[in-house]
Amino acid sequence: MLSAIAVMGISGISGFFQQPETLPIVENIPKEKPQLQPEQQNHNLDIQKTSTLLVSADQLLAHIQKLNFQRFTTKERSLSRTYITNQLQKYGWKPQIEKFPTGVNIFTQKPGTDKTAGAILIAAHYDTVDSSPGADDNASGVSVVLEIARLFANYPTPKTLQLAFFDKEEAGLLGSQAFVKQAARLKNLRGVIVMDMVGYACYTAGCQQYPPGLPITPPSDKGDFLAVVGDMEHLPLLNAFNQTHPNFPVVLTLPIPFKGLLTPDTLRSDHAPFWYQGVGAVLVTDTANLRSPNYHQPSDLSKNIESSFFTGAAQIIVNATNNLLETSGVLTTQPAT
Ligand SMILES: [Zn+2]
């Protein structure tokens, strides 16, 4: 998560807070996908699908432990890419290395079953600031993208699933800016989910801060909710996150007007370059320095990840990803009738 854009308070914005609606949640189903013969596959597709979409806390935390080192220098970022690409290959993906003048992104995709349905992109930055091991910022986001790679690898969906790991976010969103310069990449893109810091929670009253003037009713006086920030022009994309489940964090969805012009605190990660291109995008976050004392510090360690919050956040993101890959409806905000 970038720190530099946070210069103004948030004021004068209405309609921030939406009540969550209940969406179907996958639960209590065995993790392992049954091995089926080809002729059985279509027949059993629905059963087969719901059995594959449970996140593994062990997998999620293992990725963070493997990536729990400073990822700032050229060498450190190269080591990070080696880990990410090895994992993707292990799951059956074919990662592509995409260089830009100051860094290297990783991209991969799995075509959907409906060629006209477009694509959903799931992304997280893998670099850190100097002197921080970046467990929350942003090994947590990388870990969830890798878990999505594992869960959806052999899972047909109408829409194409794309995954990106951006470099140089901390240097000013350089990797995502390089990505959006490729016009062909944006052509079929229907929505983007960016994760930046999704693994920290605090449970003492007053531990959560809000930007001054933020016109929302905080869901609690603790830092135990997941924030999802989306552009007002793509509300169906944001609404995919309106989920309630007793075991998962409460979701606070924030629809942002004017592409964040009045709310620069909402532009501090890799979703912002997509907004500027007119592509719908959401940022999923634990709110970074508004909650975590470890933000950009040497103490951003895997031991400070709150595993139940992190695992619940990951499941919410997996459920939203699945909803978006399955839905045939448009993700742009429709005028009221
Ligand atoms: Zn950061």
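**Loop view: Leu173 between a strand and a helix.** Helices (H or I, at least four residues) and strands (E, at least two) are DSSP runs, numbered from the N terminus. With these labels, Leu173 sits in the loop between β4 and α6 (174–180). The model shown here is predicted, so local features need pLDDT of at least 70 and side-chain atom pairs count only at pLDDT 80 or more, while totals for chains, interfaces and linings use all residues. Residues are numbered from 1 along each chain as its sequence is written. Leu173 is not a glycine, yet its phi is positive, near 60°. Is Leu173 buried or exposed? Leu173 counts as buried, because it has 24 C-beta neighbours inside 10 Å (buried means 20 or more other C-beta atoms within 10 Å, exposed 12 or fewer, partly exposed in between, with C-beta atoms placed from the backbone).

Ser131 is exposed, because 11 other C-beta atoms lie within 10 Å.

**Sheet view: eight strands in an open sheet.** Follow the strands across in the order β1-β2-β4-β3-β5-β8-β6-β7; their pairing is mixed (two strands pair if DSSP finds at least two bridges between them). What stands at the edges? Those places belong to β1 (96–100) and β7 (250–256), each with a single partner strand, so one side of each has no neighbour in the sheet. On average, neighbouring strands are turned by 20° against each other, direction ignored (axes are lines fitted to C-alpha atoms, for helices over the stretch in contact, and angles run from 0 to 180 degrees between N-to-C directions).

**Strand-pair view: β5 beside β8.** Strand β5 (residues 189–195) runs parallel to strand β8 (residues 281–285), and four bridges link the pair.

**Helix view: α5 lying across the strands.** Helix α5 (residues 135–152) lies across β2 (103–110), β3 (119–125), β4 (160–166) and β5, and it runs at about 145° to β3. Leaving aside residues up to four places away in sequence, Val145 touches Ile122, Ala123, Ala124, Leu163, Phe165 and Met195 (contact means C-beta atoms, placed from the backbone, within 7 Å). Asn138, a residue of α5, is joined to Asp137 by a cis peptide bond with an omega of about 10°.

**Helix-pair views: α5 with α10 and with α3.** How far apart are the axes of α5 and α10? Those axes are 10 Å apart, and the helices pack at an angle of about 50°. The two are therefore oblique to each other (angles under 35 degrees count as roughly parallel, over 145 as roughly antiparallel, 65 to 115 as roughly perpendicular and the rest as oblique). Here Ser140, Val144, Glu147, Ile148 and Leu151 of α5 meet Phe310, Ala314, Ile317, Val318 and Thr321 of α10. Helix α3 (residues 57–66) packs against α5 at about 135°, with 8 Å between their axes. Helices α3 and α5 are therefore oblique too. From α3, the contact uses Gln59, Leu60, His63 and Ile64, while the residues of α5 include Ala135, Ala139, Ser140 and Val142.

Terms used: Two residues are in contact if their C-beta atoms, placed from the backbone, lie within 7 Å.
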